[in-house]
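Here's a quick briefing to read with the model open beside you. Have a look at the charged side chains and the strands as you go.

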Amino acid sequence: MPYIKIESGKLTDEQKTSLIKRLTEVSSEIMNIPKEFFTTTITELPDKNFGIGGKTIDIIKNEYSK
């Protein structure tokens with residue numbers, strides 16, 4: 001049973017629904033496995049728990065908004 005795991009920042013309910021639906025559809029198509037066999041989870045992480053280039057995402061977002 002294929003398992004799709006997404007880790008991201010905060011998402012809206014609509015974004016989560018769309019991600020689960022579309023990732024399942026595309027994966028099913030590519031792998032030739034029925035959609036009903038897929039399990040998908042989304043783990044939201046606070047921006048302070050994410051880092052890129054040695055900076056947390058909250059710092060990066062703050063720098064871009066200036």
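A residue counts as buried under 20% relative accessible area, as exposed over 50%, and as partly exposed in between. Keep those cut-offs handy, and keep in mind that this is a predicted model.

- Glu44 pairs up with Lys16 in a salt bridge, with 3.3 Å between the closest N and O atoms.
- This one ties together distant parts of the chain, as Lys16 belongs to helix 1 (residues 13–31) and Glu44 to strand 2 (residues 39–44), 28 residues apart.
- Is Lys16 buried, partly exposed or exposed? Its relative accessible area is 23%, so Lys16 is partly exposed.

- Lys21 has a relative accessibility of 52%, so it counts as exposed.
- Glu25 comes in at 31% relative accessible area, so it is partly exposed.

**The Glu63 and Lys55 pair**

- Another salt bridge joins Glu63 to Lys55, with the closest N and O atoms 3.1 Å apart.
- Glu63 is partly exposed because its relative accessibility is 39%.
- Lys55 is partly exposed because its relative accessible area is 37%.
- As a bit of background, side chains of opposite charge can pair when their charged atoms come close.

- Which residues make up the covered face of strand 1 (residues 3–8)? They are Ile4, Ile6 and Ser8, while Tyr3, Lys5 and Glu7 form the uncovered face.
- Strand 1 and strand 2 run parallel and are joined by six bridges.
- If you want a spot to check on screen, find Ile4, whose bridge partner in strand 2 is Thr40.
- To get from strand 1 to strand 2, the chain passes through helix 1, and this β-α-β crossover is right-handed.

Methods:
Residues numbered from 1 in each chain as written. Predicted model: local features only at pLDDT ≥ 70, side-chain atom pairs only at ≥ 80, totals over all residues. Heavy atoms only, no water. Salt bridge = Lys/Arg side-chain N within 4 Å of Asp/Glu carboxyl O. Helix = DSSP H or I, 4+ residues; strand = E, 2+ residues; numbered from the N terminus. Buried < 20%, exposed > 50% of the residue type's maximum accessible area, 1.4 Å probe, protein only. Pairing = 2+ DSSP bridges. Right-handed = clockwise from strand over helix to strand, strands pointing away.
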